[in-house]
Structure formats: structure tokens, C-alpha cells
Amino acid sequence: MTEYQGQSGFEYLRAQTGRHLSLLISKPSEMLNPLFFFLLVIILFPIGLGPEREVLSDLAPGILWVVALLSNLMISQRLFVDDFDDGSLEQLVFAPVPLALAALPQLLAIWLTSGLLLALVSPVFALMLGLPEQALIPLMSSLALGSAVMCLLGGVGAALTVGVQRGGILLGLLILPLYIPVLIVGSRAVTEAVLTGGDPTVPLAFLGAALTASLLLAPFAIAAGLRISLEL
Amino acid sequence: MWRIVHQFGSPPWVYRFCERVIPWLLPITFTALVIGSLWGLLYAPTDYKQGDSYRIIYIHVPAAVVALAGYYVMAAAGLVSLVWKIKLADTAMRAAAPIGAAYTAIALITGAIWGKPTWGAWWVWDARITSMLILLFLYLGVIALFEAYENKAIAARACAVLSLVGTVNIPIIYKSVDWWYSLHQPASIKFTGPSAIDASMLYPLLGMIITFYALFAVLMMINLRDLLLDDHRSSAWLKKQLEA
Amino acid sequence: MTGSILLEAQQCSVSRGLRTLVSGVSLEVAAGAIWHLVGSNGVGKTSLLRALAGLARIQVTGDIKRHAPMLYFGHSLALKSALTPRDNLNRHPSGGLVSDSQAIDKALSAVGLSGYEDAVTGRLSAGQQRRVALARLWLSPPPLWLLDEPFTALDTSGITVLENKIVSHCSAGGAVVFTSHQAPDLGAQLQTINLEDYRGD
């Protein structure tokens with residue numbers, strides 16, 4: 001028998017990211033769901049609050065961030081579910097990388113097609129709410145960083161609840177408290193940019209630190225959660 | 001063979017310990033609770049600014065302090081259960097969660113009652129109250145996650161992981177909520193911290209905090225005993241224990 | 001070729017909930033060996049196979065030592081119906097497969113699916129989908145195979161192809177543990193464990 005040679009870890013992670021990306025892209029309507037949700041809810045605010053520009057632009061940072069948080073919650077509810085049902089998740093045990101790393105390609109693919117996408121198109125919604133132009137770059141960067149943190153935290157919750165019936169509401173209860181610091185700091189970054197003399201770099205730096213910390217810690221919690229859900 | 005060794009581990013010892021301690025700790029705690037309440041509600045001086053309404057502090061603050069400590073008790077039990085795979089630690093975690101949640105709820109309710117005469121509203125988004133609310137959700141999450149799993153051994157592991165994730169996050173949540181509050185704080189609302197209060201008010205407060213800790217301990221033992229009774233229904237040691 | 005041990009299980013017990021399914025199973029899988037786990041429905045064949053694969057650690061007691069990389073083929077095929085068979089194999093979540101497209105064409109034609117390389121997996125029949133998943137066995141797989149009901153839903157020619165593949169894999173130094181209600185023709189290397197003899201409780 002020739003000596004067994006599997007994929008290298010790097011090849012594997014690249015292939016899996018590609019797999020998840022093509023899966024997401026093969027169902028564009030599902031992929032764009034969080035984005036449509038974001039648009040629909042944003043439209044509701046001017047209708048509910050009235051069209052006064054000052055009121056809307058005062059509330060805009062909070063509205064944009066709360067709705068972004070909710071669409072991230074929606075995304076988390078889809079994480080791992082299909083892979084659990086069709087047996088792909090248990091095959092990760094045989095992957096050439098540790099489980100903590102093997103779960104990351106899916107998170108990366110999801111973040112690229114939802115969190116990052118939302119951050120990129122957010123200026124359109126922000127301008128509809130009358131957010132001043134100098135706040136657009138802080139909005140985009142805070143959403144990009146914050147959604148990555150929320151994706152990792154959501155991954156922890158999703159890993160813990162993927163084996164549970166009707167895990168959706170439960171997942172919300174588990175991860176919303178964890179999202180709160182991200183919401184506070186993220187919306188602050190945008191508010192600072194709106195204020196005269198405000199400086200959004202401190203909140204943005206905090207989000208960067210949160211992303212680094214959750215990149216280091218969350219994969220282990222995700223792996224522990226997946227082991228529990230797979231009864232390993 | 002292994003199963004027998006496991007069963008002769010600590011559960012019988014802990015069960016007997018609970019049985020022995022509860023009968024005297026429960027009355028002591030109860031008496032302390034009555035004395036502390038009377039001291040705080042009747043003998044401690046009236047606050048010059050808030051009048052008598054401040055007296056709810058003798059329930060609110062101890063409940064809040066112990067509620068937070070209770071989360072760490074739960075998470076510590078979870079850590080022990082994950083690292084050393086001791087089943088008893090699972091049981092301790094399950095015993096602590098509902099008590100902690102109840103303490104948190106008491107802190108929130110008394111906070112709301114206190115808020116009405118002090119700030120003129122039942123609910124004020126004060127930093128501490130907001131943090132308490134988030135803590136309540138953290139507790140409810142652990143309890144709901146435990147209920148969601150059919151296999152309770154797996155449920156306990158999941159809860160242990162969740163409570164550890166919560167432990168890492170609690171300081172961050174508290175800090176960020178403090179920061180959020182300080183940015184939005186209206187100047188008229190001020191919270192008198194316990195350190196600023198007079199000794200005649202402070203001692204009954206400290207007494208109540210200690211009593212609330214004791215109450216947490218005794219309630220946890222009662223819970224632990226009941227859970228052990230339930231988990232070990234069919235084991236020989238329990239039958240022997242109950243006959244004796 | 002034979003001699004090296006790929007998997008050892010000693011006094012292994014598997015339970016589900018509070019029930020012990022099988023207990024006291026000891027098994028030594030040497031290179032070149034083919035083990036067939038038999039027993040009636042619900043006796044714990046799948047559970048034992050998953051335990052050997054390391055997929056059910058919570059319910060397992062006993063000592064299992066894994067000395068070689070494994071390929072696990074389970075009830076759930078780990079196929080994505082939106083992807084093509086080629087993509088499903090090329091980017092399989094277990095990794096460890098040769099990823100050049102000629103090898104995949106060859107593997108798919110070995111399982112009788114040439115022409116379907118770029119079809120949509122979800123549109124294939126149940127038997128064809130199982131063949132796609134089985135094509136992993138042709139893509140320079142790990143030495144130890146744990147196959148749960150690999151012969152189910154295959155036609156007679158498919159069964160023969162799989163039998164030949166298992167025999168040739170083992171004569172090349174690999175090893176196979178599988179469950180099946182059929183009695184496949186796997187030559188002299190075939191050994192059988194009847195799990196009825198190890199029933200728990």
C-alpha cells in the first residue's frame with residue numbers, strides 16, 4: 001500500500017471555504033435574505049417615527065446597528081444546521097485540521113456573504129436615514145468588524161444548539177447578551193463620527209481588539225459546542 | 001465495575017453532608033434574615049435625601065451582589081465538570097442556576113420598586129439595572145439550554161461551556177454597559193454607592209449581604225440534595241441512606 | 001503486508017441513553033483484515049461502528065486505540081444536493097482526497113457514474129447518490145475504512161464493484177470494518193462478529 005497522504009491543512013481550509021461559498025452562492029435568495037431583512041426594517045423606522053430629518057439622523061446610528069445585530073442573529077440561526085442534518089458536520093472529525101479550525105471556513109464564508117456585504121451596502125441605508133456623510137466610513141468599518149465578532153459569538157451559540165429541536169429562539173436567548181458590548185461599542189463608533197469633535201477610532205480599536213480576542217477564543221468554544229452537539 | 005466505582009465517589013458523601021448541615025443552617029439563616037430585615041427596615045436611620053424608601057437597599061444590593069457571585073459559582077462548577085468530568089459538579093451547576101436567576105429577578109424587581117419614589121419611574125436604564133437584566137438573560141439561557149437537551153449528561157456539558165463563555169463575557173458586558181451609561185447619563189440621576197453611606201446604614205447592609213450568601217448556600221444545598229435524590233433514585237446507597 | 005494493527009478496541013461497551021447496547025467487545029483490526037459486524041436491527045451495529053470511528057465518545061466505555069487515519073461512511077452521506085458530484089468529492093468535509101479532476105472522473109466512472117460528473121447531485125436517484133458518496137473509496141483514501149451499510153440501495157453490479165474494491169483495498173494493506181445485512185462475497189479475509197453475542201443489559 002502506498003503511504004497515505006491527505007490534504008494539507010491549508011489546502012483543506014481553502015477547499016472548505018470554497019465549498020461553503022459556492023453553497024451560499026448557489027442559493028442567492030437565501031444568501032441575500034439578511035440584506036432584504038435589513039432593508040425592510042430600515043424602511044419601517046421613518047414610517048413609524050415620522051419623516052423629520054433631525055429625529056431620524058439622531059437615531060440613525062442606533063437603528064442601523066440594532067438592525068444589523070438582528071440580521072446577524074438571523075445568520076447565526078442558519079449556521080451548522082444543514083451540515084448537521086446531512087452528516088457533513090460529523091465528517092469534520094476526520095478532517096486534517098483540529099475541529100476548532102475545521103469549523104472556521106463556514107464562518108468565514110457566511111461573514112463574507114452577509115456581514116461584509118451588509119457593511120459594504122450600508123451607506124445606502126444610512127443616507128436614507130439621513131446619517132451625515134462623515135459617519136459613513138466609521139459605519140462601514142464598525143459593521144465589518146462587529147459582524148465578524150458577532151459571527152464568531154453566534155458560532156458558539158449555534159454549535160451548542162444545532163442538535164436541539166427548535167433551537168432558534170433558544171439561540172437568540174443565548175447570544176443576545178453576548179452581542180450587547182458589540183452593539184454598544186459599534187453604535188458608539190458611528191455616534192462619535194456624527195458628533196462635532198468626536199473621534200471614532202477608540203470604539204473601532206475596541207472592536208478590533210474584540211475581533212482578535214474572539215478569533216483566539218471562540219474557535220475553542222465552537223469546537224467544544226460541536227463536540228457536545230455531535231455527542232463526541 | 002467502573003460504574004460502581006463512580007457511584008461510590010462523592011454523591012453519597014455530599015448527600016449526607018447536605019442532610020446534616022441543612023437542619024441547622026436553615027434556621028440560622030432564617031433568623032439572620034429576620035434580624036437583618038428588622039435592623040435595616042426599623043432601626044437603621046432614615047436617609048436625609050431619600051427618606052425611608054432607601055431601605056429597600058437591604059434587599060436590593062445583597063440580592064444583586066450574590067446574583068453575580070452565583071453565576072461564578074455556577075461557572076466554576078461547570079469548569080470542574082468539564083475538566084475533571086465529575087458528575088456531581090454538573091448537579092451543583094444545575095442546583096445553582098435557578099437560585100441565581102431568582103436572586104437576579106429579586107434585584108431587578110426591588111430595583112424597579114426603588115426607582116419609582118427615587119427617580120419617578122418604574123424603570124430607569126441605570127448601568128447596574130441594565131447589567132442585572134443582561135445577567136438574568138445569561139441565567140435564563142443556561143436554564144433553557146439545559147431544558148432543551150433530552151440527554152441530561154450532554155445538556156450539562158453544553159451548559160458548562162455556555163456558562164464559561166458567559167464568565168469570560170460578564171466583565172466585558174459590565175464594563176461596556178458602565179461606559180455606555182456614563183456617555184448617556186443624565187446629570188440628575190445619581191446612585192449613592194454603598195461606600196458613601198454611613199456606618200449605621202452600612203453594618204446592617206453588610207449583615208444582609210452575608211445572610212444572602214448563607215441563604216444562597218442553604219438553598220443550593222436543598223436543591224443539590226433534591227437533585228441527588230432524583231438522579232440516584234435507583235442506587236443502593238440512597239436506599240440504605242433513606243432506611244437508616 | 002499484514003501484521004500492523006490499525007485499530008484496537010478492548011472491552012468496549014456502547015450505550016444509548018440508559019440502555020447498554022453491546023458490552024465487552026474486543027476487536028483488533030490488522031492490515032489486510034475485513035470485519036463484518038452482524039446482528040439484528042437495533043442491536044447496536046451502527047453505534048459500535050461510530051464508537052470505533054470516535055463519533056460517539058459520550059456513550060462509549062472501554063479502550064479504543066486508533067493507529068491509522070480513517071474513512072467513515074455513514075447513514076448520512078455528507079453530500080450537498082446543490083453541488084455537483086465533482087465538487088462534493090473535491091471539497092469533501094473529511095478532506096484527505098486526491099483533488100485532481102482526472103482522478104475524480106476515474107472514481108465516478110468506477111462507480112458507474114461517468115457522464116454525471118457535473119450534474120446536480122440533488123437530481124440524482126438515491127442509489128446514484130450513494131454511489132457518489134462511495135466514490136470516495138477510489139480517491140486515495142485513508143487505510144482504515146469504517147463503512148455503515150455500504151451495500152444498501154446498490155444494484156447487483158454495484159455490489160460486485162464494491163466487493164472487488166474492498167478486497168483489493170485490503171490486499172493492498174488496508175483494512176475494512178463494515179456493517180451489512182447482506183452476506184457479501186469478500187473471500188478468505190472476511191471475519192465476522194455477531195453482536196448478538198455481546199448484548200448488554
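The report below takes the interface and then the cavities.

## Basis of the values

This is a predicted model, in which local features need pLDDT of at least 70 and side-chain atom pairs count only at pLDDT 80 or more, while totals for chains, interfaces and linings use all residues. Residues are numbered from 1 along each chain as its sequence is written, chains are lettered from A and ligands numbered from 1 in the order in which they are written, and side-chain values use heavy atoms, with hydrogens and water left out.

## Interface of chains A and B

In chain A, 23 residues are in contact with 25 residues of chain B (heavy atoms within 4.5 Å). The area buried between chain A and chain B (accessible area, 1.4 Å probe, lost on being put together and summed over both) is about 2100 Å², and carbon and sulfur atoms give 82% of it. On the side of chain A that touches chain B, α8 (136–161), α9 (167–194) and α10 (201–229) each supply at least two residues (helices are DSSP runs of H or I, at least four residues, numbered from the N terminus), and α9(A) has the largest share with 10 residues.

## Cavities

The largest cavity holds about 70 Å³ of space (a cavity is a set of points on a 1 Å grid over the protein atoms alone where a 1.4 Å probe fits but cannot get out, and lining residues have an atom within 4 Å of a point; the volume is the space filled by probe spheres set on the points, which are joined across faces, edges and corners). Of its 13 lining residues, H20(A), D83(A), L92(A), A102(A) and Q106(A) are the closest to the centre.

Key:
Buried area = accessible area lost by both parts, 1.4 Å probe. 1 Å grid on protein atoms, 1.4 Å probe; cavity = no way out; pocket = protein on both sides within 12 Å on 5 of 7 lines; lining within 4 Å.
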